[in-house]
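Biologist: I would like to learn how to read a structure feature by feature, with the general idea given before the particular case. Could we go through it together?

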Amino acid sequence: MKPLKLFLLLTFALFIAGFALVGLLITLGGPNYLVVVMQIAMAWTPTMAFAIVHRKAQPGQPFRRTVAGLFAPKIRLMPLLASILIPVVATLVVWLSYALASGQSPLALVADLSLGAVVFIFFDGLIRGPLGEEPGWRGYLQNELTRRHSLLKASLIVGVIWAVWHLPLWFISGYQGVDLLLYIVFFAAGLIAFSVIIGFIYGRGRNLLYAILLHQMLNFSGRLVDMDELVLLGGVAAVYVVVAVV
C-alpha cells in the first residue's frame, strides 16, 4: 500500500479503535486516568500514523530528525502574529456581536475561570490537540498533497479529511435532530475553512509552529467564553469562511 493511503487508513483506524476503547472503559467503569490517557492517544493518531508511514517511506531517515526539520525554517513575525491573532479575533468578533445582539454585558459571557484553570486548559488543549495532530495533518499530509496539487486544493482536501476524522465525536456531542445537523454543518464548514487558513500560513512560512499555534488558539479562545456552543460554532465558522475566501 502506498504511504499516503496507509497514513489515512492508520489515522482513521487508530482513532476509531481508541474511541471504541474509551467507550468500553467508561461503560465498564474503568479508571479515569486510563480514559484520559486513551483520549490523549486518540489525538496523537495522525502523528502515530506519520511515524509508521515514515519508517516505510524513508527507512534511512530517523523520524525525530524529520520532525525537527518541520520546525527548522526561520520564524517570521507576521505569520507568527497571524497564527496567534486570527483565532482570537474571530472569537472576539462573535463574542462581542452576540453580546450586542442579546443585550447582555460582554463580561457576563466570559467563562468564570481561575488563572490556574486557564493555564490548565491551555496546556491540556495543547497536548490533546495540535501537538498530536499537526505533525500528521500538516507536517505529512499537506506536504504530500502539495506535491500533487495546488496549495488551495491540498488545504481543502486536508480540511475535509480532518473534519471527517472527527465524525465519531459529532454523535456524542449531545445534540439531536436539527441541532445535530447544524452542529455538523458548522463544525465541518469551520474546520475546512480553517484548514485553508492554516494551509496558507504554513504553506508560506514552512514552519510547523504556525499550524500548531493556529490550531491551539482556535481551541483555547473558544474555551474562554461562556455562550451557546452552536452560536459560537456557527459564528466562528462564518468568520473563518470569510477569512479563507479573502
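Biologist: Is Gln142 buried or exposed?

Modeller: The general idea is that buried means under 20% relative accessible area, exposed over 50%, and partly exposed in between, with a 1.4 Å probe and protein chains only. Gln142 has a relative accessible area of 1%, and therefore counts as buried. Keep in mind that this is a predicted model, in which local features need pLDDT of at least 70 and side-chain atom pairs count only at pLDDT 80 or more, whereas totals for chains, interfaces and linings use all residues. Residues are numbered from 1 along each chain as its sequence is written, and side-chain values use heavy atoms, with hydrogens and water left out.

Biologist: Where does Gln142 lie, and which residues is Gln142 in contact with?

Modeller: Helices are DSSP runs (H or I, at least four residues), numbered from the N terminus, and Gln142 belongs to helix H7, residues 130-145. Contact means heavy atoms within 4.5 Å; once neighbours within four places in sequence are set aside, Gln142 is in contact with Trp137, Leu151, Ala154, Ser155, Val158, Gly199, Tyr202 and Gly203.

Biologist: What is the relative accessible area of Leu145, and which residues does Leu145 touch?

Modeller: Leu145, which is also in helix H7, has a relative accessible area of 6% and is therefore buried. Not counting residues up to four places away in sequence, Leu145 touches Leu4, Ala154, Ile157 and Val158.

Biologist: How should I read the largest nonpolar core, and which residues touch the most other members?

Modeller: A nonpolar core is a set of buried Ala, Val, Leu, Ile, Met, Phe, Trp, Tyr and Cys residues joined through side-chain atoms within 4.5 Å. The largest one here has 57 residues, and those touching the most other members are Phe7, Trp137, Leu141, Trp162, Tyr183, Phe194 and Tyr240. Helix H10 (residues 177-205) gives the largest share of this core, twelve residues. Tyr240 touches, among others, Ile86, Pro87, Phe194 and Leu218, not counting residues up to four places away in sequence.

Biologist: What is the phi of Arg206, and is Arg206 buried or partly exposed?

Modeller: Although Arg206 is not a glycine, its phi is positive, about 70 degrees. Arg206 sits in the loop between H10 and H11, and with 36% relative accessibility Arg206 counts as partly exposed.

Notes
Helix = DSSP H or I, 4+ residues; strand = E, 2+ residues; numbered from the N terminus.
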